[in-house]
Amino acid sequence: MSSAPALASKAISASGLHPVRWRRHSEPETPQRVTVAPVLPLAINLGGAPVHLATSDDALGLIMARAAGQTGPPLAVGSANLDHIKHFGHGSKWAGAMESTEPVEWLTLLDGAPLVTQAERLTQIRWPRLAGSDLSWPILAAAAEADLRVGFIGGQSSTHELVRHRLNQELSKLDVAGYWAPERKDLADPDSSRVLAADISAARVDILFVCLGKPRQELWIKEYGHLTGANVLLAFGAAVDFLAGKVRRAPEPLREAGLEWAWRLALEPKRLASRYLVDGPPAYARLRSFSGVSAGSAVPSVGPVPGPSNPSVPTGIPQTCRNRFAARDEPAHVAVLIVTYNSEETLPLLVADLRKEAAEQTIKVIVADNSPSSATLHSLLGQEDVDIFRTGGNLGYAAGINLAMRRAGNVNSYLVLNPDIRLAQGCVAKMRTRMERSGAGVVVPLLKDDDGSVYPSLRREPTVTRAVGDAVLGSRIPGRPGWLSEMKLGPDNYARAHQVDWATGAALLIDSRVARTVGDWDEQYFLYSEETDFMRRVRQAGATIWYEPTARMSHSRGASGASSVLDALMAANRVRYIRKFKSESYARLFHGAVILSALLREPLPAHRGILAKVARESRWIDLPGPDSDLDPSLMPRGSVIIAARNGASVLARTLEHLAPYATAGRLEVVVVCSDGAAGIAQSYPGVQIVEPSEASKGTAISAADAVATIWPRLYLDADIDMHPTVLAALFSSLSAGGTLAARPGFVYNGRKAHWLVRSYYRARFRMPSQRAHLWAAGAFAVSAEGHSRIKSIPDLAADDLSIDSLFCPEENTVVASKTLVVSTPHTVMALEAVLRRTCPVNAGQNPGGDATGSLAEVLGTVRGLLTALDAAVYAIFTLRARTAGRMARSAACGGLEGQQQL
C-alpha cells in the first residue's frame with residue numbers, strides 16, 4: 001500500500017508542478033519570462049484550510065495570466081500562515097469561507113515556517129515560503145512590463161504617498177490606477193463597500209492589492225471583489241507598509257530559520273503580541289491535528305441525496321409562483337414550523353409575511369399551538385392552507401417543534417420561527433441559497449430588535465470561562481477574547497456570513513436530512529437551551545451552522561415574555577445542558593459560574609429571587625414545565641398496568657392524567673386493585689380492574705398481563721404521577737425498534753421530608769447507576785419482544801431490579817423527556833420502612849450489593865463536605881436496613897426449623 005507522502009508526490013507530479021530552488025525577492029529586479037500555469041496548483045489541507053503548493057514561478061505565472069484576463073473568473077490570492085489557520089482553519093469562525101467558488105477563485109499560497117514544515121511532512125518535499133511581501137515587487141515589475149493597471153486599497157494616505165514616491169522612482173513605467181484608504185466602518189457597511197468597489201471598477205484596475213489585514217481583506221474580497229472589475233485581487237496584508245519602507249523585513253538568516261515572527265514581534269509588540277503569543281499556540285495545535293494530503297473542504301454527508309431513489313426527499317416540487325401554502329401531503333421546499341402560546345396578535349402578521357415568501361418557493365406552514373385558549377386558532381380563521389393544531393397544552397418549545405415536524409411530510413428543509421418574528425422580503429430564499437452553497441445543516445439569519453439595532457443572536461459553545469466572563473462583564477468590553485464570552489458581541493461578528501457554534505432558536509433553517517440524522521429536539525428543557533442542544537448534535541453529526549447576514553428578520557422579544565421565573569429557568573437549563581454533555585465535576589464548576597451571575601445581579605429589581613431558585617436545585621421542580629395533557633390523537637397506543645396495592649390514597653391522582661386516553665381508545669389502562677382501590681378505579685371510565693384472589697404482587701401483575709392486549713406496555717406504581725407527554729415518549733421509543741425496555745428520567749421531590757431523608761436521596765441521585773438502569777423510577781416499559789424475556793413478574797418489592805438484569809445496556813434506554821417527579825418518604829421512620837422492604841430483597845438478587853448502588857459507588861460521589869455528609873447518611877441508612885433484613889431472615893429461618901422439629 002502506498003504511503004500518504006508517496007500518493008502526494010504522484011499527485012504533485014501529475015499536476016505539472018515541480019519544486020525548485022527559489023530566491024527571495026527583497027529588492028527590485030527585472031522580471032524574467034514565466035510559464036503560464038493554466039489551472040490552480042494542487043491543494044492540501046493544512047489545519048483545516050486548503051493551501052496550494054506552488055513555486056514562486058508557478059504562482060507568478062498564474063497571477064499574470066489571470067491579470068491579463070486570459071482564463072477563468074477573478075483570481076483572489078492569499079497567504080496562509082498561523083494567523084490564517086486561526087481565522088479560516090478547522091473549527092474557526094470563518095472556516096469554509098475561502099472555498100474556490102464563484103464569484104472569485106482562491107489561490108492560497110504557503111506562508112509561515114510552521115506551515116512549510118507541515119507541508120514537507122505530508123509530501124516529503126520542501127516547498128518554498130511565498131509571502132505576499134516577497135511576491136509584491138515581482139508582480140509590480142511584471143505588471144509594468146505587461147502594461148497592466150494596478151491599484152492599492154488599505155493603509156493610510158501618508159503610506160500611499162511613500163509608495164507612490166518609490167514607484168515613481170523605481171518603476172516609472174507602472175500604471176497605478178489609484179489608491180484607496182477606506183475607514184473600517186465603511187468596510188463593514190455593505191452600501192459603502194459597493195460604492196468603493198464601483199469606484200475601483202471605474203478606474204479600470206487589472207491587479208488590486210487589498211491590504212486590510214486578516215481576516216477583513218479575505219472577507220471583503222469574497223463579498224465585493226468581483227464588483228471591482230479587477231482580474232486579480234491580492235490579499236497581501238502589510239504589502240503597502242513594506243513597499244513604503246515603514247516595516248523592514250527580517251534579516252535573511254532569521255527568515256530561513258523561521259523566526260521572522262520574533263523579528264516582527266520585537267518591532268511591533270503592542271500590535272502583534274496577541275497574534276503570536278495568545279492565538280499562535282492554538283493555531284499551531286490545529287495545524288498539527290487537522291492536516292492531510294486531501295484539501296478536504298467538503299462538508300461530510302449526513303443524509304440521503306435527493307432523487308428518485310429516495311422518495312423521502314422531495315422531487316418534482318412546483319417551481320411556479322403561488323400565493324397559497326402547500327398542503328400537508330404535497331412536497332415543498334420549506335416547511336415553516338411555528339410554536340405558539342397566546343400568539344393571536346403576532347401570528348397573523350408572520351403568516352402574511354410568509355405568503356410573500358411563497359412567491360419565490362413552495363412553502364407549507366405548520367403551527368403547533370400550546371395556548372390554553374382557542375384565541376390563537378381563531379386568529380387564522382379562513383386561512384385553510386395553514387396547518388394549525390392544538391397540542392393539548394403548554395408542552396414546551398421542543399415538544400411543539402417535534403409534533404409539527406412529524407406533520408411536515410415531504411420537504412427539503414424546516415424553518416423554525418418564533419411567532420413574533422417579522423420577515424424582510426426574500427430572506428427565506430437567501431437562507432436557502434446559503435445552505436445550498438455552503439452545504440450547511442442549519443442557517444440562521446440576522447435578527448434585529450424593535451428599535452432596528454442588531455440583536456446579538458450568535459453564540460459560542462458554553463464553557464466555564466465564558467460563563468464567568470459573561471457573569472462578570474455582561475455586554476461590556478465587546479471586543480474581549482472569545483474564551484471570555486459566550487455571546488458574540490460587536491458589529492464585526494454580524495457583518496459577514498460565517499460558521500457559528502449555535503444561535504438563538506427564534507429563526508433556524510434546518511436541512512431535512514440533517515434533522516433526520518440528529519433526531520428529535522430534547523424535550524427535557526421545556527424552554528431555553530433546546531436549540532443549544534440541537535445544534536451541538538448537528539455539529540456532532542458532521543454538519544455546520546452558518547450565519548447569513550443578508551437574510552434579515554426582526555424579533556419582537558417583548559412578545560415572547562420575560563420574568564424572573566423564566567430567567568431562572570434559562571439559568572437552570574444551561575446547567576442541565578452542561579450536565580448532559582460534560583463530566584459531573586465540570587458541570588459543578590459551570591453551575592458555580594451561573595450562581596455567580598445570579599449573585600452579581602441579585603440587587604437589580606428585575607433579577608431579584610433568581611439566585612435562590614438557581615442555587616438550590618431542589619427548587620427547580622417549581623420552575624415552569626409542561627402543564628397540561630397531550631392531545632389524545634397524539635398519544636401512541638399501548639397498555640398501562642398500575643399496581644395499586646397499598647396505593648389507594650394516590651391512585652386517583654395517577655388515573656386523572658391517564659383516564660382521558662383510555663376513554664379515547666389510545667390507552668388500555670388496567671389497575672390491579674386491593675385495599676379498597678377498586679372503588680376509586682371504577683369511577684374512571686375506560687379503566688379495567690383486576691382484583692386478584694392472592695395478595696402476591698407477582699400473581700396480580702400476571703393476571704393484569706393476561707387482560708391487557710396492546711404493546712408496548714408500562715408497569716407503573718400507583719404513587720407515580722405519570723405525565724402523558726412522558727408516557728408518549730416512552731411508547732414512541734419502544735415502537736421505533738431496537739429498544740426493548742425503557743423508563744423515564746426522574747428527580748426526587750423531598751421538599752416536605754426530614755433533612756436526613758433529603759440527604760439520603762441527594763446521595764442516591766448522584767450515583768451514576770441512577771441514570772443507567774430501569775429501576776428506581778417506579779415505572780418501566782417493555783415492548784412485546786422485551787416482555788418475552790420475562791417469565792413472570794417477581795413476587796418482590798423491587799421487581800424492576802430483576803427486570804433490569806434481563807436487558808443489556810444497548811437494549812434499554814432512559815427517555816430524556818419531561819422529567820418524572822418521584823416523591824420521597826417524609827419521615828425517617830417511613831424511609832427505614834421502605835429500605836427494610838427492599839434491601840433484603842435486593843441483597844438476595846445482588847449478593848454483596850444494594851439495588852440502588854453499592855456503598856463503594858456512593859463513596860465515589862464525594863466531592864466536598866456536603867457530599868461527604870450525604871454519603872455518610874446514605875451509608876448509615878443502608879447498613880441499618882441490611883442489618884434489619886438479616887435479622888428478619890434469621891428469625892424466619894429459626895421459626896421454620898422449629899416447625900420442622902415439631
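A residue counts as buried when its relative accessible area is under 20%. The model here is predicted.

**Salt bridges**

- The structure holds 33 salt bridges, and a handful of them are picked out here.
- One of them pairs Glu218 with Lys214, whose side chains meet at 2.7 Å, N to O. Both Glu218 and Lys214 are buried.
- Arg574 forms another salt bridge, this time with Glu486, and the closest N and O atoms are 2.9 Å apart. Arg574 sits in helix 21, while Glu486 sits in the loop between helix 18 and strand 16 (498-500), so this pair ties together parts that are 88 residues apart in sequence.
- Then comes Glu105 with Arg66, a salt bridge between side chains at 2.8 Å, N to O. This pair links distant parts of the chain, with Glu105 in strand 4 (residues 105-110) and Arg66 in helix 2 (residues 56-67), 39 residues apart.
- Glu105 is buried because its relative accessible area, 19%, is under the 20% cut-off. Arg66 is buried too, with a relative accessible area of 5%.

**Helices and how they cross**

- Helix 21 (residues 564-581) and helix 22 (residues 584-601) have axes that come within 9 Å and cross at roughly 165°. An angle over 145 degrees counts as roughly antiparallel, so that is how helix 21 runs relative to helix 22. The crossing of helix 21 past helix 22 is right-handed.
- Helix 2 turns up again here, this time with helix 5 (residues 132-145): their axes come within 11 Å and cross at roughly 40°. That angle makes helix 2 oblique to helix 5. Helix 2 passes helix 5 in a right-handed crossing.
- Helix 9 (residues 216-224) is mostly covered, as 8 of its 9 residues are buried. Among them are Arg216, Glu218, Trp220 and Tyr224.

**Cis peptide bonds and positive phi**

- Some background first: most peptide bonds are trans, and most residues other than glycine have a negative phi.
- Lys214, the salt-bridge partner of Glu218, is joined to Pro215 by a cis peptide bond, with omega near -5°. Pro215 is found in the loop between strand 7 (207-210) and helix 9.
- Another cis peptide bond joins Trp711 and Pro712, where omega is about 0°. Look for Pro712 in the loop between helix 26 (697-707) and strand 23 (713-717).
- Asn342 isn't a glycine, yet its phi is positive, near 50°. You'll find Asn342 in the loop between strand 9 (332-340) and helix 14 (347-357), and at 38% relative accessibility it counts as partly exposed.
- Tyr528 isn't a glycine either, and its phi is positive at about 80°. Tyr528 lies in the loop between helix 19 (512-518) and helix 20.

**A surface patch**

- Val468, Val472 and Leu600 form a nonpolar patch on the surface, and together they have about 220 Å² of accessible area.
- Val472 is partly exposed, with a relative accessible area of 42%.

**A buried loop residue**

- Thr544 is found in the loop between helix 20 (530-540) and strand 19 (545-555). Thr544 is buried, because its relative accessible area of 13% is under 20%.
- Thr544 and Val443 are 101 residues apart along the chain, and their C-alpha atoms are separated by 8.6 Å.

Technical notes. Residues are numbered from 1 along each chain as its sequence is written. This is a predicted model: local features need pLDDT of at least 70, side-chain atom pairs count only at pLDDT 80 or more; totals for chains, interfaces and linings use all residues. Side-chain values use heavy atoms; hydrogens and water are left out. Helices (H or I, at least four residues) and strands (E, at least two) are DSSP runs, numbered from the N terminus. Buried means under 20% relative accessible area, exposed over 50%, partly exposed in between (1.4 Å probe, protein chains only). Patches are made of residues with over 30% relative accessible area and no salt bridge: like charges are joined within 9 Å, nonpolar side chains (Val, Leu, Ile, Met, Phe, Trp, Tyr) within 5 Å. Accessible areas come from the Shrake-Rupley method with a 1.4 Å probe; for residues, only the protein chains shown count as cover. A salt bridge is a side-chain nitrogen of Lys or Arg within 4 Å of a carboxyl oxygen of Asp or Glu. Axes are lines fitted to C-alpha atoms, for helices over the stretch in contact, and angles run from 0 to 180 degrees between N-to-C directions. Angles under 35 degrees count as roughly parallel, over 145 as roughly antiparallel, 65 to 115 as roughly perpendicular and the rest as oblique. A crossing is left-handed if the near helix is turned anticlockwise from the far one by less than a right angle, and right-handed if clockwise.
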